[in-house]
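Thanks for asking me to look this one over. My comments are below, as numbered points you can check against the coordinates.

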Amino acid sequence: MKILVCISHVPDTTAKISFVDDNKIYNKEGQQFIIGPNEELALTRAINIKEANGGSITALTVGLTETEPTLRKALAMGADDAIRVNAEPKDAYNVATQIAEVVKNNNFDVVITGRESIDYNGGQVGEMVAEILNIPSVSGVNDLELEENKAILQREIDGGFEKIECVFPLVLSGQKGIAAEPKIPAMRGIMMARRKPLNVVEPIDFSDATEVLEHNLPDAKAACTMVDAEDMSELVRLLHEEAKVI
Amino acid sequence: MSVLLYTENWDGKLKKLSFELASYAQAIASQLSTEVVALSIGEVSDEELGKLATYGVDKILNLNTSEYKDFNAQHYAKAIAEAAKKEQITVCVFANNISTRAIAPRVTVKLDGGFVSGCVAAPESVDPFIVTKKAYSGKAFARVQINKDLKILSLNQNAFGITENEKSINIETFDCPIEESASKILDVKKNTGKMSVLDAEILVSGGRGLKKPENFKLLEDASEILGATATVACTKPVADLEWRPHSEHVGQTGKVVAPNLYFAVGISGAIQHLAGITSSKVIVSINTDKDAPMFEASDYGVIGDAMEVMPKLNEALKAFKENA
């Protein structure tokens, strides 16, 4: 079984964010970059499955050289090899096109993405890859079993959960629940990661469908109005008369 | 050149988001001097569909064949793409939620369009087409330009509001043949109990500061008093400890909510939790720690022990409701 896990190289959520170049670009200075939390959980589950049933896992990212340490982390966790598509991930449709090309050239059975990346929160790439390749996809997966040529998944739907069976090849996007917590690479994993193959491929031609022109930060929040703990009727009055939410 | 909106329904009724989306579509259609077409898939009566006309919808396409009775992202995506081609749509709008995230990207590729998800306002201009969306898990906004002829947008819940513009009711039947599906549904489990945190107008949410699961009764009482549109929510640690079900977990890897009022009780205010609540209209925080980051993100704050404050708050809310 050949599994491809697509990971995003994103800034740590707790980071204080700022922008440069007339607010067009994220300010990377002094920032910690990580594997996106949704993909990290999905990769963890894929590794558990591989360790139990065999198969191979390739970690992929679309990004420049700076993203290689993040790919090495995926290798340290347990992926067997990595692919970096040498392009900046500025547009989801473009990223999906690059990933689809890699999938076409490598015959993966299962392609895994995260529910959304924590930088642009788009949640688009996985489904786009499936549509480009004309294969099935399942999003919002929070439980996964892989058998010889099919997947049994649980996905979150409006108001509940659905259990689905789907033949290979397919694309699935994983979210919280797909693994209990992310796998922490052991020392041995980190040592081995340096020797595992990391191949760089050039992107195919595709013009971006969308372009980020500028970023803005939200207006600063007004100071919090404090209310005495003994005076809850005052809080209720404020919520009714001032905030008008009750 | 029209604007198409994908409406959603539950149990034969149009969801409230459909009316907000119609208002949004109408605003964009005005900017483009064109019309609004709504597509409904599933079993919804003509009488119910007609309500869309109140919110500026010029034509309603009703796809109600048996093959479309149950949600299937791939079938729905194909139907929407076919409707878009038939009506010569130039902008297609969706609400931003789990279901549409499975559909809209496929529609985008089928129609070779440009998709911006998580929009918070009508486009600032239509030529070039520029729209603002949320980014960095709610910590920033991004102005994005779409460079393809067909624009696809998904609108965040409660980001736009509802505006009326009475049109005459015009409903047309629509059909689209389906293809074989490679996936099979084995089982469906529905969440029992109160409404989803995504639909609630008031959320009473608790964190580890509540000390033990039994103390969540205080929050359940508050939500009872506040009425049918109020429900309980929680933070990730609380869900991981299994004090509350995972469906109540609000945060970066949980649900992103947009209620009118969010009570954060015994919640310190970790960034991952804040990422789930930035779209709340009003936030009230109750915490013993005066330095809790939650206060900085709140509109109103109470320094105190949740177990002492909540009974007093519940009493005050009860008195308010009785006199209302």
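The points below go from the conventions through the folds and the interface to a few backbone details.

1. Conventions. This is a predicted model, in which local features need pLDDT of at least 70, side-chain atom pairs count only at pLDDT 80 or more, and totals for chains, interfaces and linings use all residues. Residues are numbered from 1 along each chain as its sequence is written, while chains are lettered from A and ligands numbered from 1 in the order in which they are written.

2. Chain A overall. Six helices and 15 strands make up the secondary structure of chain A; these are DSSP runs numbered from the N terminus, with H or I of at least four residues for helices and E of at least two for strands. Along the principal axes, the C-alpha atoms of chain A fill a box of roughly 65 × 45 × 40 Å. Of the 246 residues in chain A, 50% are buried. Here a residue is buried if 20 or more other C-beta atoms lie within 10 Å of its own, exposed if 12 or fewer, and partly exposed in between, with C-beta atoms placed from the backbone. Among contacts in chain A with a separation of 6 or more, 70% link residues 24 or more positions apart; a contact requires C-beta atoms, placed from the backbone, within 7 Å.

3. The interface between the chains. On the chain A side, 64 residues are in contact with 70 residues of chain B. Strand S11 (residues 160–167) of chain A gives the largest share of that side, eight residues. By class, the chain A side has 32 nonpolar, 19 polar and 13 charged residues. Nonpolar covers Ala, Val, Leu, Ile, Met, Phe, Trp, Tyr, Cys and Pro, charged covers Asp, Glu, Lys and Arg, and the others, Gly among them, are polar.

4. Please look at strand S14 (residues 210–216) of chain A, which pairs with strand S10 (residues 140–146) of chain B in the antiparallel sense over six bridges. Within this pairing, A:His215 has B:Ala142 as its bridge partner in S10(B). Strands count as paired if DSSP finds at least two bridges between them.

5. An open sheet of six strands with parallel pairing runs in the order S15(A)-S18(B)-S17(B)-S16(B)-S14(B)-S15(B). Strand S15 (225–226) of chain A and strand S15 (230–234) of chain B stand at the edges with a single partner strand each, so one side of each has no neighbour in the sheet. S15(A) and strand S18 (residues 300–303) of chain B run parallel and are joined by two bridges, with A:Thr225 opposite B:Tyr300.

6. Domains of chain B. Chain B is divided into domain 1 (2–173) and domain 2 (202–323), with bounds from an automatic or database domain assignment. Their centres, taken over C-alpha atoms, are 32 Å apart. Five residues from each of these two domains of chain B take part in the contact, and those of domain 1 are five polar residues, with no nonpolar and no charged ones.

7. Nonpolar cores. A core here is a set of buried Ala, Val, Leu, Ile, Met, Phe, Trp, Tyr and Cys residues joined through C-beta atoms within 7 Å. The largest has 124 residues, and A:Val5, A:Ala59, A:Ile99, A:Val129, B:Ile80 and B:Val93 touch the most other members. A second, separate core of 53 residues includes A:Met232, A:Val236, B:Leu219 and B:Ala297.

8. Cis peptide bonds. The bond from A:Phe168 to A:Pro169 is cis, with omega near -5°, and A:Pro169 sits in the loop between S11 and strand S12 (170–174) of chain A. In chain B, the bond from B:Asp127 to B:Pro128 is also cis, with omega near 0°; B:Pro128 is in the loop between strand S8 (125–126) and strand S9 (129–135) of chain B.

9. Which kind of phi does A:Asp22 have, positive or negative? A:Asp22, not a glycine, has a positive phi of about 60°, and is exposed, with 9 other C-beta atoms within 10 Å. B:Glu242 has a positive phi near 65° and lies in the loop between helix H6 (236–240) and strand S16 (261–265) of chain B.
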